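Dear colleague,

Please find below the structure that I am handing over to you.

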Amino acid sequence: MEYPKKYETHLTMKDGKELFLRPVLPEDAGLVKDFYDSLSERTKYLRFFIPKKEARTDRVQKFATVDYEKSMVIVALYQDAIVGAARYDWDDNEKCLELAETVRDNWQGKGLGTDLFRYIVKIAKENKYTEMTALILDENKNAFNILKKTIPGDLKISYEGNLIRVTFAL
Amino acid sequence: MAQKASQNKTTKKTVDKPWFKFYPKGVPRTIDYQKVSLPDGFHKTVAEFPNNKALTYMGKVITFAQLGDMVDRFATAMADLGVKKGSRVATLLPNIPQMVIAYYGAMTAGASLVLNNPLYTDRELEHQLNDSESEYLVTLDLLAPRMIALKPKTKVKKIIICHINDYLPFPKKQLFPHVKKGMFVKIEPSPDIYEFLDLIKSHKPNPPQVKIGFEDLATFQYTGGTTGLSKGVMLTQSNLSCNLQQIRAWFPTFERGKEIQMGILPFFHSFGMTAVMNLSMWMGWNVVLVPRPEPLAILEAINQYKPTFMAAVPTMFVGMLRHPDVKKYSLSTLKGCFSGAAPLAMETIKEFEATTGAQICEAYGLSETSPAATINPFGGKTKVGSIGLPIPDTDIKIVDLDTGKKEMKVGEPGEVIIKGPQVTKGYYQKPEETKTAIRDGWLYTGDIGIMDEEGYIFIVDRKKDMIIAGGYNIYPRDIDEVLFEHPKVAEGCAIGVPDPYRGETVKVFVVLKEGQTATAEEIINFCKEKLAAYKVPRIVEFIPSLPKSAVGKILRKELRQMEMEKMAKEKNK
């Protein structure tokens, strides 16, 4: 599918900072690598569930190359740097649309995670998806709270050891 | 008397709970606690039973009068070295007499004890010594060269050296350095390094009169965490004193000054500290110290010293029963046993009870609960697979996993939460973790359990990601982080796999960086340098990639499932 320009948008943060939100592009690989390598070990751990080393070029390229249909990545840019990213991917095995998002450490706690979440949910709905799933570490209270306060309907929650699987209707 | 008085108050003070009906005869619902700190309790015992045996250590007997004298001399020495109320004194000792002397001596001088496992590596110890702000360290000689080297990276000012032979009887003491060369290290005299025995000899038993408050901080118990570095559980005098009084009340037939207890659980661990060392010092019992609790050493000690009570972890019970010479030893003096820290298989309980005639009471608790929270009734109804009933003054609820507020119905699984006088005030300098773990006075254990209609609790799962091997808790994240540091490793992930002896053992899956090769031995040796021995993976499997979800999150559960399926297949072959 072609790059969906319609999903480009601007976002004004509470402190007045202007962010540009848009789908990721293959040429963003360098920006994605910088973003990933800037994350603290804890933020990476909460995202991937194991400690992670520096980003490998092939992995970053893969992250930046999506079909905008079964996979979507929205990046939030501030002064030409990625400060947050949200993605969903269709999981053919589990038959579910899985969500993930990450915000640069110094941008956390400002509401960007919630804004990115709302925006990617809107896009998923427009793409006719009806349900979404997120896997969250039990200790990641922030992520869980974003889902709780943002989703109007019921959250279906199941526990897998220290992981919480949250599923909700879109 | 205290218990009698409390029984009278029972109807007024306690709300009826389903488990009360199953308390054995003589166990009170609530206790009128003696507000006596551990050092005061110890000194009371010394005054009451001066001539009773306090410690038996490889043939050497130390009476309570002698032990009291040593404790007071050590307290005087510590005060002389600058220990004041609130000072942190760390220990790095196995179960040798100096552990007991240092614990009660430093506490008498006003210190809080920071208890460390001698198996820890420098990396782990550096964190714990710094986090607890320890200024004094009492260590085994074998570890002293490492600790002296580590000292500049910590706030430790003075180090006290103990030798295994310090308290051995003649001529074992004199021969030890020659016979067991690898077990003795002579440390050259230098400033701020002291010999334990020199301190005892050069000080009179005149400790300063330090008032130890019931709410004063008594110990730091370090416990691993899902968030990486271990956290210091703060236990007060009140937590520890109340918990041992609760345990004491649970076993009403065991008399003050009359029992002999096995000292095989390490005293640096909350289970050994409370259920063995503190309980015995409070009750005037003789503790048989076994610094290296291997099956043969335990069997020989039981046979020789005829203990009546033994607290142990499942691996120890299994080890004894499996020993080829178990039948050669008389274990019949044991009247009761206490098992905790990991689930005990029913077959082991039955086999052990048949061999000894002593009932094993399975118990449950955490460092955060000092540790005892539930115990199976001694002489009462026990249930297969249950961790027993909440002990006096301990309230337990099973609540929903989502909010932690809704109480589950009988038989429905949920998170086990605990309230009682033994529950910690929190983690040292970790307000966020404390707030998450303790809400409205309830400790959220992260264990998933069910309670039946009679109040018996069964642990069915864990909310936290944890491996229990040989009674020790291991957080896979600790191991993941070490794997991550290996230069050839791209990704690594640790899981617990069933092990007939240790309960569970550690297996790691490793993805090597492109073009790299490595052996399992190389990975294990790397982990040995950075992790305490019990955390080191026993099995390594190299795989091309770790199982991931659609968005790239690591699925540890799938690794576990794959492993279980593989083990089941191998079993069926």
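In chain A, helix α1(A) passes helix α3(A) in a right-handed crossing (the near helix is turned clockwise from the far one by less than a right angle; left-handed if anticlockwise). The contact (heavy atoms within 4.5 Å) is made by A29(A), V32(A) and K33(A) of α1(A) and by V60(A), Q61(A), F63(A) and A64(A) of α3(A). By class, this contact of α1(A) with α3(A) has five nonpolar, one polar and one charged residues (Ala, Val, Leu, Ile, Met, Phe, Trp, Tyr, Cys and Pro count as nonpolar, Asp, Glu, Lys and Arg as charged, and the others, Gly among them, as polar).

This is a predicted model, in which local features need pLDDT of at least 70 and side-chain atom pairs count only at pLDDT 80 or more, while totals for chains, interfaces and linings use all residues. Residues are numbered from 1 along each chain as its sequence is written, chains are lettered from A and ligands numbered from 1 in the order in which they are written, and side-chain values use heavy atoms, with hydrogens and water left out.

In chain B, 14 of the 14 residues of helix α10 (residues 270-283) are buried, so the helix is largely enclosed by the rest of the structure (buried means under 20% relative accessible area, with a 1.4 Å probe and protein chains only; helices are DSSP runs of H or I, at least four residues, numbered from the N terminus). Just after α10(B), G284(B) takes a positive phi of about 75°.

C527(B) is buried as well, with a relative accessible area of 0%.

Yours sincerely

Technical notes:
Helices (H or I, at least four residues) and strands (E, at least two) are DSSP runs, numbered from the N terminus. Buried means under 20% relative accessible area, exposed over 50%, partly exposed in between (1.4 Å probe, protein chains only).
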